[in-house]
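Dear colleague,

Please find the structure below, with its sequence.

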Amino acid sequence: MNNPFEFHVGDQRSGRAEPRTISAEVSVDWHLELSRVLAEPPLFLEFHISGVAGGIAVLGAVEARVMHRCYRCLTEWEEDLVRDVAQLITIDGDEDDDYLLDDDTFDFESMVRDELLLDLPIAPRCRPDCEGLVDEAGSGLNTDLSEDEV
């Protein structure tokens with residue numbers, strides 16, 4: 001099975017090849033506890049890659065549709081997320097957090113996943129002044145209470 005995140009980048013190792021653009025549309029199932037990257041529409045990535053001293057520069061953006069659940073009132077909403085990417089694929093990585101090029105192909109999945117998930121809120125709120133839920137009635141505090149409930 002072909003990996004949609006894997007691209008041939010070996011030509012960029014020398015730094016003599018012309019920079020080029022790679023792109024893909026991929027459905028993924030990535031999530032945190034209260035935020036999720038939706039499979040539909042698929043995420044879109046477009047990167048400009050070019051050989052530089054020590055590796056391959058990756059510049060571009062990732063676009064995805066995400067769904068959040070408010071940690072206070074549990075309201076769900078969707079929004080578009082666009083994340084600019086500026087990374088280096090190293091040829092001789094010495095750090096544990098480097099993106100290391102082992103051969104002529106590189107799997108961009110971990111880079112894209114890291115960029116998107118690190119941009120998602122850990123405790124999303126539907127709005128800054130969200131009041132949360134009423135325990136007894138199960139209704140939201142964000143709605144106006146009638147006089148009977150006051």
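**Findings**

Leaving aside neighbours within four places in sequence, Ser35 is in contact with Met67, His68, Leu120, Pro121 and Pro124, where contact means heavy atoms within 4.5 Å. This is a predicted model, in which local features need pLDDT of at least 70 and side-chain atom pairs count only at pLDDT 80 or more, while totals for chains, interfaces and linings use all residues. Residues are numbered from 1 along each chain as its sequence is written, and side-chain values use heavy atoms, with hydrogens and water left out.

Ser35 belongs to strand β4 (residues 35-37); strands (E, at least two residues) and helices (H or I, at least four) are DSSP runs numbered from the N terminus. With a relative accessible area of 2%, Ser35 is buried (buried is under 20% relative accessible area, exposed over 50%, partly exposed in between, with a 1.4 Å probe and protein chains only). Its side chain makes a polar contact with the side chain of His68 at 2.7 Å. Such a contact is a pair of N or O atoms within 3.5 Å; within protein, one must be able to donate a hydrogen and the other to accept it, and residues adjacent in sequence count only if both atoms are side-chain atoms.

The largest nonpolar core has 30 residues, of which Trp30, Leu43, Phe47, Phe108, Val112 and Leu116 touch the most other members. A nonpolar core is a set of buried Ala, Val, Leu, Ile, Met, Phe, Trp, Tyr and Cys residues joined through side-chain atoms within 4.5 Å. Two or more residues of this core come from each of β2 (20-26), β5 (43-52), β6 (55-69), β7 (76-90) and α1 (109-117), and β6 gives the most, with five. Not counting residues up to four places away in sequence, Val112 touches Phe5, Trp30, Leu43, Leu45, Phe47 and Val62.

There are four aromatic pairs (ring centres of Phe, Tyr and Trp, its six-membered ring, within 6.5 Å; planes under 30 degrees apart are stacked, over 60 edge-to-face, the rest tilted). Phe7 and Phe108 form an edge-to-face pair, 5.8 Å centre to centre with 70° between the planes. Phe7 lies in strand β1 (residues 6-8) and Phe108 in the loop between β9 (105-107) and α1, so this pair ties together parts 101 residues apart in sequence. Phe108 is buried, with a relative accessible area of 0%. Phe47 and Phe108 form a tilted pair, at 5.6 Å and 40°, which links strand β5 to that loop across 61 residues. Ring pairs join Phe7, Phe47, Phe106 and Phe108 into a cluster.

Yours sincerely
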